[in-house]
Structures are given as structure tokens and as C-alpha cells.
Amino acid sequence: MTMSATTGWYLRRLSRMGPREIGGRAGDAVRRRRWRSEPPGCPSVTGARFTAVLPAQAIAAVPPDAAKRLIAEADRLMDGHAEYFGVPRDDLADPDWWYDPKTGRRAPEGYAFDVPYRSEDAVGDIKQIWEPSRHQYLTVLAAAYAITGNERYAERVAAHLRSWWAANPPLRGVHWISGIELGIRLLSWVWIRRLLDGWPGAAGLFESNPVALNQIWHHQRWLAAFPSRGSSANNHVIAEAAGQLAAACAFGWFPSSARWRAGALRSLDRHLRGNTFGSGLNRELATEYHGLVLELGLAAVAEADAADVPVPASIRLVLLRMTDALAAVVDNRLRPPRQGDADDGHGLVVDGAGTDRWASLLATGDAVFGRLAWWPAVTGTDVRTPLLAALIRPYPKAVPHPKAVPHAKTMPYPEDGTAPAVTRPASRPAHFADAGLTILRGPAEIWCRCDAGPHGFLSIAAHAHADALSVEVRHDGVDVLADPGTFCYHGQPEWRQYFRSTLGHNTLQLDGADQSVSGGPFLWTRHARSRVLDADTSDASDASDGGTARWCAEHDGYRRSVHRRRVELTAADKELRVVDEVDGPRRAARLAFHLGPAIVADLVGNRAVLTWTRDGEDRSAVLDLPGRLSWRAHRGESDPPLGWYSAGFGRKEPTTTLVGTGFADGAQGFTTVLRFT
């Protein structure tokens, strides 16, 4: 990035801050300069003991198949093999903590706050460097020790922690820059110590080890000094508070532990409420961050309960609502929407490959809060649920709510931390008015997400995409009209721009522009405003009654024009009808439909025949596209990017995108019909 570009970004970023945030960041800058020459020192600690152990029955409650998956993953890690964001690694037997295998670069040494971590040319791919140092692969190895008693797992964990601590002294290098990394790392260390409790070397690795004590103290001192502020107080601040609370509860050996614990609990309470709609959906409107925040919140409550630290009722209420919301929005295969940014981030990892993240969260929700009658069935198993459930106090039974999800106007989160009378939805919610998210369901497991929510969270909407009025359609869990995903954050600006662009979603683009204006990879300077005009989510899944579910919304992202979209899902015909209208002057238009990677499309004129296979059975649908537009299929194009699907961060594969070009003049709309055959 050139100097002028860097200056421009900082000015745009500054414009999205309020006076209080600017003042706080100025204080942070002063503190960073002072710590360069006068770093804080860890006080001496004597007589430290670790008491936050698992109950005796917790490990025995781990299902055998989940334990088998975990041990297989642990053995793979012992052989040095792992994969991060699509990049295989075979060096984890003895890792270089500052090396990025994707670019071959190694992060520079020096004072942490001098490292230009946003520059891939200078540092490499920062996500590749940071991810192993969250030490979540070490929690897997520690869990393997707890289940098997095989000390080779514990010895590998100890060797890697000692290696990391030696290579990363406080405030030196790339691993002391970002609070979310420090918070998640602390949470991992707490669970490593807990899972290694039966190993003779556990105390010598942690509470009797001056190096470990110094690292733990400095992590907590850093988090207390540099919290995410203002426009950055999204999932990062939740991770910081959760890690700080976990460490202050389990490693409460320092003079400041009580103060850190109280501050972290206040922050967690405030920001969980601030990051969550009253309906229970995460305000970033990025589904994977809903999962991350829920995992972090549950792990934090587990630590507080294990330490007998009172938890505000409002924290548990938010986590309850988040769990019910997740149960409400998943499809029949327990897949949630693919909305907004996703970077494969997890709060606590103690499971092997093949464990379903969302099934695991719902299983934990069942164990902690109790499932409702309308929840989808969860058939998979995991290691994490019995471990968390052994620490978290059972939640009192709630009263079913006679209508849908209560939302913020009728059941706000009280500022004093107390909880109102708890009610839960008596039937499966489908319309989340505060989040602008609506799920239409039809026969043959047809699932359709309609989006008319706010453009992300806070003034920068860091993890939002320009996807107003987009739809996402699945048939029996298979992506038919797909949200393409995220793919990357740093280092590849053209790909970052594509995957969060309007053209990169199933919606209408005017004059080649995005609906919202980007100011950088995590910054939007103008936000499209959407509103739902009608949402009738009457269940259309029973074809015998010919029911139809309807949704209509509009947004003002294009100046001088309003884009309005209607969606109807008719049960009897297994038909989804999408009608786009534009109020305003004649403008160039592009309407995109991104097909999932399993879909084969045969486009002739304005009709596409779609075929795919599910569980060995051939499936098909017909997509009739607006005849007023000229249609073309795109697949795996790179200049510019078009026709791609990202199943996970750092991974992408070619898929078919159908793009119709023409003009929107306000006189006629564009009608698209998807019929499952």
C-alpha cells in the first residue's frame, strides 16, 4: 500500500470514530510509546495452585465415537500434519511460530506495535501466522491426553508451550498485536492446564513455572490496557473479555486478578448484549461470528461457574437467545446461513475433524438450556459438550413464548445486568425483524434465506457484505442459489472486494456499483439501508394445502433509485418466484445468481436446467430467468473474479454464476422462477 493510500485509509477510518473512541485510541498510543521504553513488570507469585479442574465424571461422559475422532486428529498433529485455511502444513512437530507457509515469508522481529501486520509483503499472510498460535491444536492434544492418559500428548504440549514462550517474550513480535489473539490464546491455556491435570508435569509447566506466570500476567495486563473500542467493539471485544475472564478465574494468582475478573465480567455482559439483537442473532450479521461469540460466551460462563464467580443473569439470557436463534435458522442438515464474513474462527477446540460445529453448539445448548420441541434433531456427538456441561450450572426452565422470538423493543436487555422473566418461542421463528433476516421453508426440504437487515454492525460494519436483498436457496442442504462466501481478508484486495461485492451475491447491481461504499477491507463508509415491507412466513412445507410464504423488502443503496424485491415460495408447485423492481431513472443492470459447487447448469437462452446428486440420488430444477436481460454463464474467471465459491477461509473453487445484463427503467420488473422437479 502506498503512503497516499495508507493516509487515505486512516482518514476514512478516523471519520467513522466518535470523540470518545478517538480519545481512547490516543491514550492507547501514548501507552504503547511508554511501554516501549518502560514495559510493565510481572509481580512475584508464590503458592499458586490450579483448582479449576473437571469433575471426575466429565471425561467418562465423552461419547466413544467423538473420542475416536479426537484421538485420530491428535495423532495426525503428533506427526506434524495440519491444515490452516487451505494450506497444508507438515512442520507442526517443531513449528516456526513466525513463519507463513503460504507466502514463504517470516514476520519481522521487534517491538510488537511496530510490526506492519496488515502488509503481506512485509509479514506474510497474518492469518497463517496467527492461527497456530491460538494454541487450539494444543487443546486437542491435551484432550487426547485426558482421554487416553498417554503422556506423549502431554509432553508434546509442554514442549510447544515452552518453545512458544521462549520465541515470543512479552511485547516482542507479531503475536502481541491483536487482542483477539491474546484472548483466545489465554482460553486455550486454561483448558490445556485443566486437561493436563492428571499429568505429573502440569504444575511445573504452569503455576510453578516463572516463564508461564510471566506470560499469563502479561497477556492479561495487555488485554486490560488495550481493549477493542468504539467502532471495533465487535467479536474481538468478546474474545478479549472471555479470555481475560477465563484466565482471571482459573489463574487468579496475581494481585490484579480480582480487578481483571470484575472488569472482564462487566465487559462481557455489556458487549454480549451490545453485539446481539433481542431476537438472539448476532449484530454483525455474519453467521460464523454468531458461532464464535456463542462459543466464547459459553466457555467464559463455564470458567466463572467453575470458580464460583456470580454471572449476571443477562449474560446467560443472551446465550440462551443466541442458541434458540441458531436452532431456528439452520436448514434440515443443520447448516446455518452463509451470511457476511467467515474466517473459520473458533472459541474452544477439543474435537477432531469431522465434528459438526453447529450440531456441537446445539448439543451444548440442549445440555445447558434444554431443547425446545421445535428444535431440529441433533444426531452427531462431540467432546466439547460434556466438558462444558460439567462446568456450567444448569439453566432454569423457561416459559414458552406464545408468539415468535421476543425482540429488543419488547424484551430489552436491562442495563443493570438483571434478566427479565425468561420466555422462549413456542414454535420455530422464521422472521427476525430486528436483524432483517427471514427464512422461508417449503416441501422437499426447500430452505430460502432472504436478507433485508442492517448493513453490518457499528459505524465501520467490518464484516458486512454489500448483499442487500440477496437470497440463498438450498434443497435438502445442497446450495442451489449460493452465497459465495469470504475466501480472504488481507493481501489479495481484488478477491476481498469480489467476495463481499454486490455482484458477488444473489441480488441486483445497478451501474456496476456496490450498494454500499467500501473504504477498505474492513471499512464501509456509506451503508445501504434496507427495510422489510412484508413477511408472511406461514409454513409452505405442506404441499397438500398449496400454502405460499411471502417476503418483500427494499433498499436505498443506489442514489436516486430504490431496489425492491418480492419472493414467494409456493408449496404445491415447489416453486420459488423472485421479482425485482427498480423505482428511479433508467440504469444499467446486472442480476446475478450464484450456483452452488454441486450444481451443473445447462443454460439455453434465459432458461437454465440445474442438476445435482444428493446421497446417490439425482435431483434437478429449472431456473427461468428474466427474458429482458441477456444471460451468460461464468465459471472460475479471474480477471475480474467471477464464478467462485469459498467453502472456508483461504479456500475457493470454481462454480457457475449466471449473470443477466440489460437496463432497469422502472416500467417493468425482472421475474425469476426456480422450480424444483
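Helices (H or I, at least four residues) and strands (E, at least two) are DSSP runs, numbered from the N terminus. The model is predicted, so local features need pLDDT of at least 70 and side-chain atom pairs count only at pLDDT 80 or more, while totals for chains, interfaces and linings use all residues. Residues are numbered from 1 along each chain as its sequence is written, and side-chain values use heavy atoms, with hydrogens and water left out.

**Stop 1**

Select His 135, in the loop between helix 5 (126-130) and helix 6. His 135 has a positive phi of about 60 degrees, although it is not a glycine. Most residues other than glycine have a negative phi. With a relative accessible area of 0%, His 135 is buried (buried means under 20% relative accessible area, exposed over 50% and partly exposed in between, with a 1.4 Å probe and protein chains only).

Next, display helix 3 (residues 64-78) together with helix 6 (residues 136-148): their axes come within 9 Å and cross at roughly 125 degrees. Axes are lines fitted to C-alpha atoms, for helices over the stretch in contact, and angles run from 0 to 180 degrees between N-to-C directions. Helix 3 is therefore oblique to helix 6; angles under 35 degrees count as roughly parallel, over 145 as roughly antiparallel, 65 to 115 as roughly perpendicular and the rest as oblique.

**Stop 2: Leu 285 and helix 13**

Move to Leu 285, in the loop between helix 12 (257-274) and helix 13. Phi of Leu 285 is near 50 degrees, a positive value in a residue other than glycine, and at 8% relative accessibility Leu 285 counts as buried.

Then select helix 13 (residues 287-306) and helix 15 (residues 357-369), which pack at an angle of about 40 degrees with their axes 11 Å apart. Helix 13 is thus oblique to helix 15. Residues of helix 13 including Leu 292, Glu 295 and Leu 298 meet residues of helix 15 including Arg 357, Trp 358 and Leu 361. This contact of helix 13 with helix 15 divides into six nonpolar, three polar and three charged residues.

**Stop 3: His 463**

Select His 463, in the loop between strand 7 (446-451) and strand 8 (471-475). At 5% relative accessibility, His 463 counts as buried. Its side chain is joined to that of Asp 341 by a polar contact of 2.8 Å; a polar contact is a pair of N or O atoms within 3.5 Å, where within protein one must be able to donate a hydrogen and the other to accept it, and residues adjacent in sequence count only if both atoms are side-chain atoms. Leaving aside neighbours within four places in sequence, the contacts of His 463 include Glu 284, Tyr 289 and Phe 522.

**Stop 4: Ser 501**

Ser 501 is in the loop between helix 17 (493-499) and strand 10 (508-510). Its side chain reaches the backbone oxygen of Tyr 498 at 2.7 Å, and a polar atom of the Ser 501 side chain lies 3.0 Å from the backbone nitrogen of Gly 504.

**Stop 5: Pro 640**

Finish at the cis peptide bond joining Asp 639 and Pro 640, where omega is about 0 degrees. Pro 640 lies in the loop between strand 22 (637-638) and strand 23 (641-642).

How values were computed. Contact means heavy atoms within 4.5 Å. Ala, Val, Leu, Ile, Met, Phe, Trp, Tyr, Cys and Pro count as nonpolar, Asp, Glu, Lys and Arg as charged, and the others, Gly among them, as polar.
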